[in-house]
Amino acid sequence: MAIIQLSETLINQIAAGEVIERPASAAKELIENALDAGATRIEIATAGGGKALLRVSDNGSGMDAADLELAVRRHCTSKISETLEDIRTLGFRGEALPSIGSVARLSIASRRRDSAGGHEIAVAGGKIAHMRPAAANPGTIVEVRDLFFATPARLKFLKTEKAEAGAITEIVKRMAIAFPAVRFVLSGSDRTTLEFPATGDDHLARMAQVLGKEFRDNAIALDAVREEISLTGFAGVPTFNRGNSAHQYAFVNGRPVQDKLILSAIRGAYAKTIPSGRHPVAVLSITLDPALVDVNVHPAKSDVRFRDPGLVRGLIVGAIREALARDGSRAATTGASDMLRSFRPGFQPNSQRPQTAWSAETSPSRPYQPTTGFGERPQASFDGLSMPTARAEPQFSPQPAEPEPNARYPLGAARAQIHANYIVAQTEDGLVIVDQHAAHERLVFEAMRKALHSKRLASQVLLIPEIIDIPEEDCDRLMQHAAELSELGLAIERFGPGAIAVRETPAMLGEVDAHGLIRQLADEIAEWDTASGLSAKLEYVAATMACHGSVRSGRRLRPEEMNALLREMEVTPGSGQCNHGRPTYIELKLSDIERLFGRS
């Protein structure tokens with residue numbers, strides 16, 4: 001079969017299959033072009049989920065007739081010249097506009113600020129129409145209609161209009177977070193208008209617009225630098241979590257990305273602090289020399305490759321964990337909101353009660369006859385409790401310290417214990433309800449984890465060393481971390497070119513599947529150049545032991561014991577959630593309580 005040269009139209013349609021996967025892909029490319037043009041206002045309009053219409057208007061630098069002529073031709077761009085080593089713009093391929101024009105009806109109207117008039121060019125199914133003058137404001141308007149009309153097979157793979165419109169919304173949100181100084185407006189016949197006013201340099205205000213006002217109250221600032229890489233942003237407290245990972249945003253040199261390494265690092269940083277099936281909320285911005293990251297690994301530019309992925313992952317994990325240790329022990333403010341919603345007033349207005357015949361037994365004006373709550377019989381179980389005081393005498397700490405006379409305690413003073421499981425404490429501006437078992441479980445776990453990292457762990461010597469055959473390159477990687485593994489109680493030696501001898505295993509793990517452990521560590525080191533898996537296993541065992549060794553639910557505590565538990569929580573990192581990620585306490589402000597009684 002003879003080799004032939006494909007037509008320009010077919011080449012563009014093939015490229016469009018990689019670059020323009022759906023309406024959201026086209027929206028992303030057009031918004032990136034507007035941002036690269038220096039726009040401060042971007043308006044996006046859609047119809048039919050972006051399949052019928054996608055219009056992006058901006059007030060950027062605009063284009064003249066010569067630029068428009070080249071803009072719709074493949075591999076024509078103003079953003080790079082000779083090298084891919086120093087990419088500082090969002091777009092650089094010169095493929096988006098010709099790709100869109102090859103599968104849709106594309107029109108571009110643009111005008112430079114210093115020009116008296118504008119120009120318009122159109123492309124339909126790869127055919128370029130003649131340039132013509134057009135009335136236009138400074139900036140550019142790109143209109144895409146009938147997306148994929150030239151490739152009908154692609155239409156079959158698109159989702160419903162609602163789903164496609166939602167994907168465009170997500171693109172706009174990511175761009176809005178990355179560029180808080182730009183005003184974004186998203187509207188159309190298939191949606192309600194969404195507007196993000198510019199917030200200037202206040203990134204947190206823009207994040208609150210996108211993620212909700214609650215994020216501002218539950219976010220911890222991140223600011224870390226390692227070698228030539230800096231990380232800024234905000235991470236939510238562990239108890240402020242979601243049912244999916246859609247609320248995790250990552251940016252590399254201002255470019256929104258959905259990189260697996262970054263998402264994996266976020267999961268690792270929150271390990272043991274969030275329940276299974278829940279996901280943290282985080283916004284991370286990584287800044288580094290463009291030469292240290294390759295953004296040209298995917299046609300849609302959503303993935304990147306770092307020259308030193310281990311360094312980037314370590315920076316993310318370390319920065320988030322340090323922030324959580326510093327300020328992550330507080331409970332999420334959403335806990336109080338959930339509590340308020342769970343309350344139901346005991347009295348309902350007459351208009352809300354069913355209309356029934358009057359009777360003396362059901363009349364609201366009948367004499368009060370206590371049957372529950374304050375009757376003698378229900379209150380009898382409280383007789384054995386001593387009256388609580390505000391004194392805080394630590395009972396759980398191995399070396400108790402005398403409290404300062406005028407000390408201010410964030411978790412307040414214990415006032416009561418309810419159902420032998422929940423401690424109610426009074427603070428300066430509200431009250432706190434503590435799950436005693438979950439709280440003490442966390443305290444025990446943190447004490448055990450501190451012991452893990454303060455000295456070499458005890459190990460058990462195997463009577464007969466286990467010989468494990470693995471590839472030679474895996475043996476080399478494991479031996480590079482032999483000293484680190486020895487500190488965790490795992491003693492290994494080289495046993496020939498392709499085998500490892502395991503002589504000691506951590507006593508804390510009990511009976512160990514040495515073969516599975518070594519292979520898992522080898523795989524982890526190969527991928528991340530770290531041996532944290534063994535440490536994670538030991539922490540899991542520590543969490544299990546802490547659960548069984550903590551104060552049990554149903555145990556009545558003396559007032560001094562309750563106060564001691566509160567004091568320990570105040571100085572223990574991560575005490576806001578238990579080892580399973582559930583909150584250990586809920587705070588209710590006095591203003592919230594007053595709202596319940598209609599006093600505010």
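Gln426 stands opposite Leu431 in strand E21. The model is predicted: local features require pLDDT of at least 70, side-chain atom pairs count only at pLDDT 80 or more, and totals for chains, interfaces and linings use all residues. Residues are numbered from 1 along each chain as its sequence is written, and side-chain values use heavy atoms, with hydrogens and water left out.

**The sheet**

Strands are DSSP runs of E with at least two residues, helices are runs of H or I with at least four residues, and both are numbered from the N terminus. Two strands count as paired if DSSP finds at least two bridges between them. Four strands form an open sheet with antiparallel pairing, in the order E19-E20-E21-E25. Strands E19 and E25 are at the edges, each pairing on one side only. Neighbouring strands are turned by 20° against each other on average, direction ignored; axes are lines fitted to C-alpha atoms, for helices over the stretch in contact, and angles run from 0 to 180 degrees between N-to-C directions.

E19 and E20 pair in the antiparallel sense over five bridges, and Ala416 stands opposite Val424 in E20. Their hairpin has three residues between the strands, and His419 there takes a positive phi near 55°.

Helix H18 lies across E19, E20, E21 and E25, running at about 120° to E19.

| Element | Residues |
|---|---|
| Strand E19 | 413-418 |
| Strand E25 | 585-589 |
| Helix H18 | 559-571 |
| Helix H16 | 514-528 |
| Helix H6 | 161-178 |

His515 lies in helix H16. This residue is partly exposed because its relative accessible area is 29%, where buried means under 20%, exposed over 50% and partly exposed in between, with a 1.4 Å probe and protein chains only. Leaving aside neighbours within four places in sequence, His515 is in contact (heavy atoms within 4.5 Å) with Glu466, Ile467 and Ile468. The C-alpha atoms of His515 and Val502, 13 residues apart along the chain, are separated by 9.1 Å.

Helix H6 has 18 residues and reaches 26 Å from its first C-alpha to its last, close to the 26 Å expected at 1.5 Å a residue. The expected span is 1.5 Å times one less than the number of residues. Buried residues of H6 include Ala165, Ile168, Val172 and Met175.

**The whole protein**

The secondary structure comes to 19 helices and 25 strands. Buried residues make up 44% of the 600 residues.
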